Every structure is written in structure tokens, then in C-alpha cells.
Amino acid sequence: MDVAEVVVYGKIPSKSICIPTVTGEKYSPDFMYVVKAGDGRLTLNVVIEAKDKTQATDLTEKESTKISNARLFFEQLSADHPECPIRFERQINRQKVSEIIEKIANGT
């Protein structure tokens, strides 16, 4: 997919998206993006959880659980509403958001 621009970017306010976790807590991801393809279609909806860790193995068990639960939540939401799919990704160690969006756009 040819990505023309990021149309919407936003910090998700704390507790505005409350994803239940197996720990009994609620979790809210960090950022959201809507991307426009080169042909003008709004095609990519991405929710990102950013963690300032050196690598994924540095996440605590609690952080890993929340991220896993969020991934499952958005997979189910996308399955229930295929007209508006949402990808959930984590961002580790200041990985560039453009790299995440490019990876998704290329289907990897």
C-alpha cells in the first residue's frame, strides 16, 4: 500500500478506552493513527502502546499481559466490525512509528 499521509494522530486519554485484562484491571493504550493511502482511501487504523524499554523481553509480566489482552481485544473488535479494522501494535525502545505503519502497510 502506498501511504500518502497520517490523517489523524492522537494521544488516547487515560481510561477513555477501557480494555479488561485477566488481572481484573482495565487498560488503555497510548496512541492512535488513521492513515490515508495514495489513492485517497482511509485504510489503516492503528492503536499503539509505547514502552520505553530496551527490548520486548524487558517488559514486566503485567505489561506483557496488558499488551496481549489489548491485541486480542482489537483482533476481536476488527473481526466483529470488518468495515473498520484496527491494528494494535506495541512500540519498544523508541521504534519509529513510521516503521510500524510501513510494516503494516506492507502486510508484514
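In which loop is K15 found? In this predicted model, K15 sits in the loop between β1 and β2 (19-20). Its phi is near 70°, a positive value in a residue other than glycine. Most residues other than glycine have a negative phi. K15 counts as exposed because its relative accessibility is 66%, and exposed here means over 50%.

## Confidence

The chain averages a pLDDT of 87, and 99% of the residues score at least 70. Within the chain, confidence is highest in helix α1 (residues 61-80), at a mean of 92, and lowest in helix α2 (residues 97-105), at a mean of 84.

## The sheet and its helices

Four strands form an open sheet with mixed pairing, and their order is β1-β4-β5-β6. The edges are taken by β1 and β6, each of which has a single partner strand, so one side of each is left without a neighbour in the sheet. On average, neighbouring strands of this sheet are turned by 30° against each other, direction ignored. The strands β1 and β4 run antiparallel and are joined by seven bridges; G10 stands opposite M32 in β4.

Helix α1 packs on the sheet, where it touches β5 and β6, and the direction of α1 makes about 155° with that of β6. Helix α2 lies across β1, β4, β5 and β6, and runs at about 145° to β6.

## Salt bridges

The count of salt bridges comes to nine. Three of these pairs are set out below, and each is then placed in the fold.

| Pair | N to O distance |
|---|---|
| K36 and E5 | 3.0 Å |
| E89 and K103 | 3.2 Å |
| E63 and K53 | 3.6 Å |

The side chains of K36 and E5 meet in a salt bridge. This pair links distant parts of the chain, with K36 in strand β4 (residues 31-37) and E5 in strand β1 (residues 3-11), 31 residues apart. K36 counts as partly exposed because its relative accessibility is 24%, and E5 is also partly exposed, with a relative accessible area of 38%.

The side chains of E63 and K53 form another of the bridges. E63 lies in helix α1 and K53 in the loop between β5 (42-51) and α1, so the pair ties together parts that are ten residues apart in sequence. E63 is buried, with a relative accessible area of 17%, whereas K53 is partly exposed, with a relative accessible area of 22%; the cut-off that separates the two classes is 20%.

A salt bridge also brings together the side chains of E89 and K103. Because E89 lies in strand β6 (residues 87-92) and K103 in helix α2, this pair ties together parts that are 14 residues apart in sequence. E89 counts as buried, at 8% relative accessibility, while K103 counts as partly exposed, at 35%.

## E49 in strand β5

Beyond these pairs, E49, K51, K53 and E63 are linked in a network of salt bridges. Of these residues, E49 has its place in strand β5. Is E49 buried or exposed? E49 counts as buried because its relative accessibility is 2%, and buried means under 20%. A polar atom of the E49 side chain lies 3.5 Å from the backbone nitrogen of D30. Leaving aside neighbours within four places in sequence, E49 is in contact with Y27, S28, P29, D30, I67, F88, E89, R90 and Q91. That list includes D30 and E89, and E89 is the residue of strand β6 whose side chain meets that of K103 in a salt bridge.

At 13% relative accessibility, S78 counts as buried. Which residues does S78 touch, not counting residues up to four places away in sequence? They are P85 and I86.

Key: Residues are numbered from 1 along each chain as its sequence is written. This is a predicted model: local features need pLDDT of at least 70, side-chain atom pairs count only at pLDDT 80 or more; totals for chains, interfaces and linings use all residues. Side-chain values use heavy atoms; hydrogens and water are left out. pLDDT is the predictor's confidence in each residue, from 0 to 100. Helices (H or I, at least four residues) and strands (E, at least two) are DSSP runs, numbered from the N terminus. Buried means under 20% relative accessible area, exposed over 50%, partly exposed in between (1.4 Å probe, protein chains only). Contact means heavy atoms within 4.5 Å. A salt bridge is a side-chain nitrogen of Lys or Arg within 4 Å of a carboxyl oxygen of Asp or Glu. Two strands pair if DSSP finds at least two bridges between them. Axes are lines fitted to C-alpha atoms, for helices over the stretch in contact, and angles run from 0 to 180 degrees between N-to-C directions. A polar contact is a pair of N or O atoms within 3.5 Å; within protein, one must be able to donate a hydrogen and the other to accept it, and residues adjacent in sequence count only if both atoms are side-chain atoms.
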